[in-house]
Amino acid sequence: MKIYRAKDYDAMSRRAAGLISAQIIMKPDCVLGLATGSTPIGTYRQLVEWNQTGDLDFSRVTTVNLDEYKGITPDNTQSYRYFMDENLFNKVNIDKARTYVPDGTESDSHRACENYNAILRAVGQVDLQLLGLGHNGHIGFNEPGDIFEKETHCVTLSERTIQANRRFFASEDEVPRQAYTMGIKTIMSARRILLAVSGEDKAGIVKTAFFGPVTPRVPASILQFHPDVILVADDAALSECDLPESGQL
Ligand code: GLP
């Protein structure tokens with residue numbers, strides 16, 4: 001695992017965006033795995049800026065998102081489809097027909113997951129997978145559990161995750177209790193993984209996930225086994241790790 005240390009959120013966002021843009025420049029028809037949450041917002045803002053100044057071309061890029069709430073429509077402002085449209089897709093020259101997010105309106109969980117697995121198989125290997133990190137070590141919506149789930153599955157969100165996401169909804173009752181998420185095997189199949197983390201509140205889980213044992217109780221810990229992971233984190237998120245300025249694990 002390579003670790004890039006950034007001084008703050010903005011520097012972390014620029015660094016992450018730089019790595020994504022390098023991927024697009026090297027392979028214009030690449031497949032990007034994308035994430036939601038507050039962490040990647042600055043990264044997407046930077047990518048939009050580079051696209052608008054003509055330095056970055058999304059016209060041949062395909063994207064697959066990690067997850068979506070179950071029982072939510074794309075026009076719901078809290079859906080991850082809406083988030084992606086607002087923060088990236090509507091602002092760059094991407095072909096929206098090649099941007100994929102699990103279908104939160106499909107109430108049959110089995111069908112929703114199988115449909116998304118079929119899409120993932122059809123688009124082929126993800127060249128670069130962007131990830132955020134949940135406070136309990138979740139990636140996508142792979143919550144702590146007894147096993148690492150392999151492919152797209154329906155999850156019941158943990159109380160901690162419901163609380164963390166409550167800030168985006170009018171009330172706690174409105175936070176969906178279930179979600180569809182890409183599985184760990186799919187995430188681990190990406191050629192390269194870019195994990196973006198910011199803030200002191202993530203410092204404990206960064207240490208646990210990347211310096212502790214690999215266990216499904218901390219889903220992100222599996223990333224220790226991936227051959228090409230870049231962690232881009234700000235000083236606050238790395239504050240509990242004993243690291244040099246920038247380094248490699
Ligand atoms: C959500 C998303 C994750 C994201 C996590 C952290 O649960 N499903 O993909 O990484 O939250 O979010 P934030 O970046 O807001 O801390």
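Me: Two strands pair if DSSP finds at least two bridges between them. What is the bridge partner of Tyr 69 in β8?

Reply: Strands of a sheet pair through backbone hydrogen bonds, either parallel or antiparallel. In this predicted model, local features need pLDDT of at least 70 and side-chain atom pairs count only at pLDDT 80 or more, while totals for chains, interfaces and linings use all residues. Residues are numbered from 1 along each chain as its sequence is written, and side-chain values use heavy atoms, with hydrogens and water left out. Element names follow DSSP runs, numbered from the N terminus: helices are H or I of at least four residues, strands E of at least two. Tyr 69 has Ala 179 of β8 as its bridge partner. Between β4 and strand β8 (residues 178–181) there are three bridges, and the two run antiparallel.

Me: What order do the strands of the open sheet have?

Reply: The order is β4-β8-β7, three strands with antiparallel pairing. β4 and β7 (153–156) are the edge strands, each pairing on one side only. On average, neighbouring strands here are turned by 25° against each other, direction ignored. Such angles are taken between lines fitted to C-alpha atoms (for helices, over the stretch in contact) and run from 0 to 180 degrees between N-to-C directions.

Me: Which strands run parallel to β9?

Reply: Strand β6 (residues 128–131) is joined to β9 by four bridges and runs parallel to it. Strand β10 (residues 229–234) is joined to β9 by five bridges, also in parallel. Five of the six residues of strand β9 (residues 192–197) are buried, so β9 is largely enclosed by the rest of the structure. Buried means under 20% relative accessible area, exposed over 50%, and partly exposed in between, with a 1.4 Å probe and protein chains only.

Me: Which residues of β3 are buried on each side?

Reply: In a regular strand the side chains alternate between the two faces of the sheet. In β3, Thr 62 and Val 64 are buried on one side, Thr 63 and Asn 65 on the other, and both faces are covered. β3 is joined to β2 by four bridges, in parallel. Asn 65 in β3 stands opposite Leu 34.

Me: How do the axes of α1 and α2 cross?

Reply: Two packed helices are described by the angle between their axes and the distance between the axes. For helix α1 (residues 9–26) and α2, the axes come within 8 Å and cross at roughly 55°. That makes α1 oblique to α2; angles under 35 degrees count as roughly parallel, over 145 as roughly antiparallel, 65 to 115 as roughly perpendicular, and the rest as oblique. Residues making the contact include Tyr 9, Ala 16 and Ile 20 of α1, and Ile 41, Leu 47 and Trp 50 of α2. Contact means heavy atoms within 4.5 Å.

Me: By class, which residues does the contact of α1 with α2 have?

Reply: Ala, Val, Leu, Ile, Met, Phe, Trp, Tyr, Cys and Pro count as nonpolar, Asp, Glu, Lys and Arg as charged, and the others, Gly among them, as polar. This contact has seven nonpolar, six polar and one charged residues.

Me: How do the axes of α2 and α3 cross?

Reply: These axes come within 10 Å and cross at roughly 40°. α2 is therefore oblique to α3. Ile 41, Tyr 44 and Val 48 of α2 meet Phe 83, Met 84 and Asn 87 of α3. The residues of this contact divide into five nonpolar, one polar and no charged.

Me: Is Ile 41 buried, partly exposed or exposed?

Reply: Ile 41, in helix α2, counts as partly exposed because its relative accessibility is 26%. Leaving out residues up to four places away in sequence, Ile 41 touches Tyr 9, Phe 83 and Asn 87. Ile 41 and Phe 83 are 42 residues apart in sequence and 9.4 Å apart in space, C-alpha to C-alpha.

Me: Why is helix α3 largely enclosed?

Reply: Six of the eight residues of α3 (residues 80–87) are buried, so the rest of the structure largely encloses this helix. The buried residues are Tyr 80, Arg 81, Phe 83, Met 84, Asp 85 and Asn 87. Their cover includes β2 (31–34), α2 (41–52) and α5 (159–165).
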